[in-house]
Amino acid sequence: MDVSSIIQNAMPLLTQFALKVVGAIVLWIIGRQLIRFSVTMLVRTLKRPFDQTVAGYIGTATSVLLNIALIVAILGFFGIETTTFAALMAGVGIAIGAAWSGLLAHLAAGGFLLILRPFKVGDFISAGGMLGTVEEIGLFVTRINTLDNVQTFVSNSRVFADTIQNFSTNLFRRVDLVAQLHNEADHVTAIRLLKARVSKIPNVMAEPKPDIEILQFNPLGPMLAVRPYCNNDHYWQVYFDANRVIRETLGEAGFHAAEQPIVVRTSSNGDVATTSPAAGVVGHSR
């Protein structure tokens, strides 16, 4: 059999295979578009009885299942037995599951996060070592947008195993700041002035009123706790404004900056010792 005969006999097979490849590509493109459209419509429909968190989770799971079904359909289009493929996938799934058992833990943790609902999409949380806004609870990972605008993916099992703080649940939160006074400062006047100024900061709540009292004493002098309350959306604005108000209020009232006192003593033999009430003897010279 010469080369021309081989080519002539192979042409129908090559043509048929090429047509199947083209058909598979068309089927993949159309199938992907239909899956994307179906998942989008499903998520929109589920947002009515549920919220975005549940709808997004179900949409992701549905997308994975439909894509697997599309791949099986394309293999069937090529004449591959889907039952054999299903058995092969089951075996591969068991092997992958044994090797990557952590994925099952992430999947289970995602389900528990969806059921227990410690947070939802849009909440500002601290979990898994991250602090930011929840963008999505996926099958295996939770997507969080951090304060410095970095999109971060944290495994569901790590989020679920860690302590979760949800700052969006309560109507307000407290801003914790301190103001260090000089030993000779009049703390009563300082408290009165700070209460008047801090309460006028935009978005500081009138009730509960800001807490401004002596927190503790140290060698520098009394330390005041400055604790206004605000909505979580205004936390950082109130935080920075309160710090500025503390500096401006105490400065305008003439309060001296807190400083560590140092006492210098000279003995009869010429020795000089510098001492501090907080640190004891810090220097000695002749």
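Rings of Phe, Tyr and Trp (its six-membered ring) pair if their centres lie within 6.5 Å; planes under 30 degrees apart count as stacked, over 60 as edge-to-face and the rest as tilted. Keep that in mind for the opening exercise.

A word on the model: it is predicted, so to speak of local features we need pLDDT of at least 70, side-chain atom pairs count only at pLDDT 80 or more, and totals for chains, interfaces and linings use all residues. Residues are numbered from 1 along each chain as its sequence is written, and side-chain values use heavy atoms, with hydrogens and water left out.

**Exercise 1. Find the aromatic cluster that holds Y235, and describe its surroundings.**

Step 1. Look at the rings. The structure has eight aromatic pairs. One of them is Y235 with W236: the centres are 5.0 Å apart and the planes make 90 degrees, which is edge-to-face.

Step 2. Widen the view. Y235 and W236 share one aromatic cluster with Y239 and F240.

Step 3. Check accessibility. Buried means under 20% relative accessible area, exposed over 50%, and partly exposed in between (1.4 Å probe, protein chains only). Y235 has 11%, so Y235 is buried. W236 has 38%, so W236 is partly exposed.

Step 4. Look for a charge. A charge sits over a ring if NZ of Lys or CZ of Arg is within 6 Å of the ring centre and within 35 degrees of the ring normal. R173 does this with Y235, at 3.7 Å from the ring centre.

**Exercise 2. Work out the strand order of the five-stranded sheet, and say which strands stand at the edges.**

Step 1. Helices (H or I, at least four residues) and strands (E, at least two) are DSSP runs, numbered from the N terminus. Two strands pair if DSSP finds at least two bridges between them.

Step 2. Read off the order. The open sheet goes β4-β3-β2-β1-β5, with antiparallel pairing. The edges are β4 (151-155) and β5 (165-166); each has a single partner strand, so one side of each is left without a neighbour in the sheet.

Step 3. Zoom in on one pair. β1 (residues 124-127) and β2 (residues 130-137) run antiparallel and are joined by four bridges. If you pick S126, its bridge partner in β2 is L131.

**Exercise 3. Describe the three-stranded sheet and the helices that go with it.**

Step 1. Order the strands. This open sheet reads β7-β9-β8, and the pairing is antiparallel. β7 and β8 (211-218) are at the edges with a single partner strand each, so one side of each has no neighbour in the sheet. On average, neighbouring strands here are turned by 30 degrees against each other, direction ignored.

Step 2. Follow one pair. β7 pairs with β9 (residues 221-227) in the antiparallel sense, over four bridges. V178 is opposite A225 in β9.

Step 3. Contact means heavy atoms within 4.5 Å. Axes are lines fitted to C-alpha atoms, for helices over the stretch in contact, and angles run from 0 to 180 degrees between N-to-C directions. α6 packs on the sheet and touches β7, β8 and β9, its direction making about 145 degrees with that of β8. Helix α7 (residues 235-252) lies across β7 and β9, at about 15 degrees to β7.
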